[in-house]
Amino acid sequence: RSRCNQRRVRVMELTAEIEAAAWWSAVLLLKLATFGMITGQARFQRKVFANEEDIVGHEGGQVKTTDVVVERRRRAHLNDMENIIPFIGLIFIYAISGAGNAGCVTLVSQIFTAARVIHTVVYIGAIRQPCRALAWIVGLICNVYLGVKVLVHMY
């Protein structure tokens with residue numbers, strides 16, 4: 001009987017961890033999903049488009065894939081994809097494996113999310129280095145931490 005109770009308690013702990021991972025993953029995915037609008041806004045303001053058919057109805061519009069402002073936003077979006085997608089996988093594996101509790105899941109997620117928001121603001125704002133690099137490194141440390149903790153816990 002006591003063994004069954006221990007299992008029930010463990011399932012409840014995992015549920016809290018998974019809920020935290022899901023909540024922060026949703027925040028990050030919304031950030032990622034809205035980035036297209038930020039890039040699109042720059043395209044419309046600057047009247048530069050990636051395809052001929054996009055120019056229709058935009059007086060003075062041109063096909064240009066080298067606009068500095070649009071490309072900076074596009075690269076920031078690509079960088080988000082390269083970092084957020086692995087984080088989401090790692091945070092769920094971390095939560096499910098029992099490598100950390102809900103508080104740890106939340107703290108690492110908060111740090112990672114703050115780092116990604118700062119990275120985006122610094123990238124789009126063209127703020128000089130090392131600001132962008134530092135924000136990126138904080139996110140990288142979060143991903144490495146999660147991966148190592150899972151591997152050590154599972155081994």
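User: Is the crossing of H2 and H4 left-handed or right-handed?

Analyst: In this predicted model, with residues numbered from 1 along each chain, local features need pLDDT of at least 70, side-chain atom pairs count only at pLDDT 80 or more, and totals for chains, interfaces and linings use all residues. Side-chain values use heavy atoms, without hydrogens and water. The crossing of H2 and H4 is left-handed, meaning that the near helix is turned anticlockwise from the far one by less than a right angle. Helices are DSSP runs of H or I of at least four residues, numbered from the N terminus.

User: Why are H2 and H4 called roughly parallel to each other?

Analyst: Helix H2 (residues 68-97) and helix H4 (residues 131-154) pack at about 25°, their axes 9 Å apart. Angles between N-to-C directions run from 0 to 180 degrees, between lines fitted to C-alpha atoms over the stretch in contact. Under 35 degrees counts as roughly parallel and over 145 as roughly antiparallel, so H2 and H4 are roughly parallel.

User: What makes H2 roughly antiparallel to H3?

Analyst: H2 packs with helix H3 (residues 102-124) at about 175°, with axes 10 Å apart. H2 is therefore roughly antiparallel to H3. By class, their contact (heavy atoms within 4.5 Å) has 12 nonpolar, 5 polar and 5 charged residues.

User: How do you know that the length of H2 agrees with its 30 residues?

Analyst: The expected span is 1.5 Å times one less than the number of residues. For H2 this gives 44 Å, and its end C-alpha atoms are 44 Å apart, so the two agree.

Technical notes
Helices (H or I, at least four residues) and strands (E, at least two) are DSSP runs, numbered from the N terminus. Angles under 35 degrees count as roughly parallel, over 145 as roughly antiparallel, 65 to 115 as roughly perpendicular and the rest as oblique. Ala, Val, Leu, Ile, Met, Phe, Trp, Tyr, Cys and Pro count as nonpolar, Asp, Glu, Lys and Arg as charged, and the others, Gly among them, as polar.
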